[in-house]
Amino acid sequence: MKDNGVKIIKTTTWSPGPGCHGGCGILVHVKDNKVIKVEGDPDHPWNQGRLCSRCLSMTQYMYHKDRLKKPLKRVGERGQGKFEEISWDEAFDLIEEKMKKIRDDHGPESVIFHQGTGRDIGGWISMLAYAYGSPNWMFGLSGISCYTPRLMMMSITQGDFAVVDASQWHEKRYDDPEYQIPETVTIWGQNLPATCPDGFFGHWYIDLMKRGTEVLVIDPRCTWIASRAKLWLQLRPGTDAALALGFIHVMIKEDLINMEFIKKWTNSPFLVRTDQDSPALLRESDLKENGSDINFVAHDPVSDSFVVWESDNQVYQKSDIKPSMEGEFNLTLANGSKAKTKTVWTLYKENAEQYTPEAVSKITWVAPDKIIKAARIYAKSKPSALHWGLPIDTIPSTVPTSQAINHLWCLTGNLDNPGGNAIARYAYDVVTYPYHTGGSILSLPPDVMEKRIGMHDYGAIKDFRAWAQPDKVLEQIFSGDPYEIKGMWIQTANPIACTGMEPKKWRDAIKKLDFTVCVDLFMTPTAMLCDVILPAATFLEKDSLKAWWVPLQAIKKVVEVGDCKSDIEINLELCKRFMKDFPYDNVHQLFDTLLESADMTYKDLCDKTWMIPPKGHPSKPYFRYEKGLLRQDKKPGFRTPSGKIELYSSWLEKWELDPLPYHEEPPYSPVSTPDLFKEYPLILSTGRRMGPFFHSEHRQIPWLREQQRDPVLEIHPDTAKKYGIAHGEKVCVENWLGKITVKALVTPVIHPDIVMAEHGWWFPEKEGKEPELFGVWDVNVNQLIPMSHEGKAGLGSPIKTMLCKVYKAKG
Amino acid sequence: MSEYAMLIDYEYCTGCKACEVACKQEYNRPAGKAGGVEVIEFIHTLPNDKLFITNIPTFTRACVFCAGRVKQGLEPACVKHCMANCLAYGKIESLQKIIPKKRKAILWTKG
Ligand code: SF4
Ligand code: SF4
Ligand code: SF4
């Protein structure tokens, strides 16, 4: 398309630039090799022509005066802000020399490859780590508390991830005849319109509401959407598991569950030994010598005998049995000892029994009648969809919490149904972001992987995701035990301003190392501390692709800015230098390899821009568990050890964690630390979302920053009055770990006993060198949140549930 | 020309401000000053103590109703990019017909 010398190019988004995980279709207007405007692509099914402020500000982002355009080498002391521009060759030579020396002297595991929310770059950081030989690829947020806990729980419960079906799998979207509008969407802990989370477009809920969907909102704050909800539950932060268990209690008691679905598709009839210190699933190996330990056992009421479920074949060893759902059964094991068992369902009901609306109300602060009403709305709606947010990850009890909420759609059968929670796979099975242990392009031998930090501390870290555990990494940087850490590669991350809890520890850690590299687009508080800084290209200056979850789409290089290189090219060049015979020469070869499962090349994908999998493809809903589209062996069922939805989790049992969901108090709360609470009488929740910014990004973009100049603390008018604080005044937020000074936003949307702070703040316009580091220490709320408080699975941390006091700042 | 107007179905305006930035991008307007549209948030405590949040996009004197774009057959930049699809531009008579039933809306005329 051409018009007045303006070329219009159709492409799609990811990072860097807008920052978010969205995948909006855009039309880029280019004149004289410069992007002059970005508009929404009306033909793209994801955003249908719309675009939010961040993509609309891309011209200010790309051509910002502060953008890094050449590699920088530190010439002064660390943090002194003295850098010198160097060429790419010099930069690559320097990095190669320094990092190879560390590898020779201390072993490859002594370098950490540190990412933030990696977007299309995370996978390539693992490729670089593995080409170098280090198993220590890491996401630096304490407890890996961003989506990973939920992904893990979904993965071990039903073998796959599930997200709300807002018709994103259909080109015609809401009008597709197969699609059904959810009767209710339950929005659990997310301020939707201000975010674009987890491969989702917040405003799809507005589209659905216009088409008749009701919303049920669970949030400590009255968000815009909460104010329009059929029912809004204002819960105490960190008590979500108790609330979900309260729902389950009501649903079981009032028979609002889908018993047919539960019988057929879950492990509810399996027997669990109850005569030991901790319960354990009964296995064929307990019953017979040479029995398999991946086969489970149920009770046949007709013959009053025990029948083995063959996990590999997805059948009971006796045909046509209808196993007992409930009851207690005694039996003699292969070794002659006696055992007592109960069915999973009996244990499940006993567990839920404790969570009466009254008991749950005491824990959550939500009135009993509201809990009952909400459970009814969720369970009776057909279809019913549930959208959950980051607060489910940013608590140490994330595992039982994610599990309890995940069970809601399993107990009601709202799984992979139109308008429910659809199973989400990468479109065409193209993996741009590897989850399970191992990388998408390279992997390391098991003896090297054995050195991954944290894997011996936590089963979930060992078995679910390839990342090192960040709290353990930070500890090891200071302890040198069991081996010294000497270097850090930082890409897509700003731990000093954003992902690092106790960020001063991260500062000291980075400064302690022999060599550090940071890849970014702007100078940040983190980059300021590093030895080499490499300038990255925005998504409009690079080739890439996205398949998270649909569509599969191309990101196309439209222009160049300065000497910036794409993150992927930077990683590829260093892979070649670090690994002998690295098998790829250019990024298109890498993309072609990823696209093999879609049977196409990157060039083919660019011609199409985006593609949605056809009906019948395993990466397209619906009801794939019935059709045998989920399991490798093509049998109906799920990708779990037993092939069933594991309400009682065999993975959690293996990791010596509680196999059923339960409530766990936050480590600091009015209940668990009443004495501290006297001194710090407000619950400090963080992570209030801001429309114009993605985490720590975008503070230098004029059209975005004008929407919010300064960080705020939300405080209820009654609480503000009590402490003599007026709207807009500067307040100190303080606890035993640290203090920040921000502006009071006095608003009734927050609960009087909770204050809500924002994360990711720093001031690109302020002094960058130490000690100021762009003013980050004045405002970074992570200074009030500890490291090393990860949950029992090594996942989750108390980011939403700290305590603090608030008072008027002097002067 | 007074027969053209902007219809604002503000019940669904989320306050995302895409409209503001769309206008600034289209006309390369400076930050720190109003462009053609500015969104105002109201947090109302209703008589029954229920909170209700309303956002209203207000069109300023700087709004030119995207005459240039409209002439080319395009929608105004803010209308096209509105994340909630709650803005519509056109002849008053045709807009009146699409005023959503049972919803509060504002008709902003050129004057
Ligand atoms: S949601 Fe906003 S920032 Fe994200 S891709 Fe879409 S328009 Fe861009
Ligand atoms: S109609 Fe055009 S000029 Fe008026 S506010 Fe919208 S974008 Fe700006
Ligand atoms: S873009 Fe639409 S939804 Fe967003 S603030 Fe403007 S009018 Fe409201």
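**View 1. Val731(A) is a buried residue in a predicted model.** Its relative accessible area is 0%; buried means under 20%, exposed over 50%, and partly exposed in between (1.4 Å probe, protein chains only). Val731(A) sits in strand E30 of chain A, residues 730–734. Strands (E, at least two residues) are DSSP runs, numbered from the N terminus. Beyond neighbours within four places in sequence, Val731(A) is in contact (heavy atoms within 4.5 Å) with residues including Leu713(A), Ile725(A), Val742(A) and Tyr807(A). Ser696(A) is 35 residues apart from Val731(A) along the chain, and 21 Å separates their C-alpha atoms.

**View 2. The largest nonpolar core has 294 residues.** Such a core is a set of buried Ala, Val, Leu, Ile, Met, Phe, Trp, Tyr and Cys residues joined through side-chain atoms within 4.5 Å. Trp188(A), Phe247(A), Trp489(A) and Leu552(A) have the most contacts inside it. Domain 1 (2–62) and domain 2 (674–808) of chain A each supply at least three residues to this core. Domain bounds come from an automatic or database domain assignment.

**View 3. Phe247(A) contacts residues beyond its sequence neighbours.** Leaving aside those within four places, its partners include Trp188(A), Ile218(A), Leu233(A) and Tyr378(A).

**Notes.** Residues are numbered from 1 along each chain as its sequence is written, and chains are lettered from A and ligands numbered from 1 in the order written. In this predicted model, local features need pLDDT of at least 70, side-chain atom pairs count only at pLDDT 80 or more, totals for chains, interfaces and linings use all residues, and side-chain values use heavy atoms, leaving out hydrogens and water.

Terms used. Helix = DSSP H or I, 4+ residues; strand = E, 2+ residues; numbered from the N terminus.
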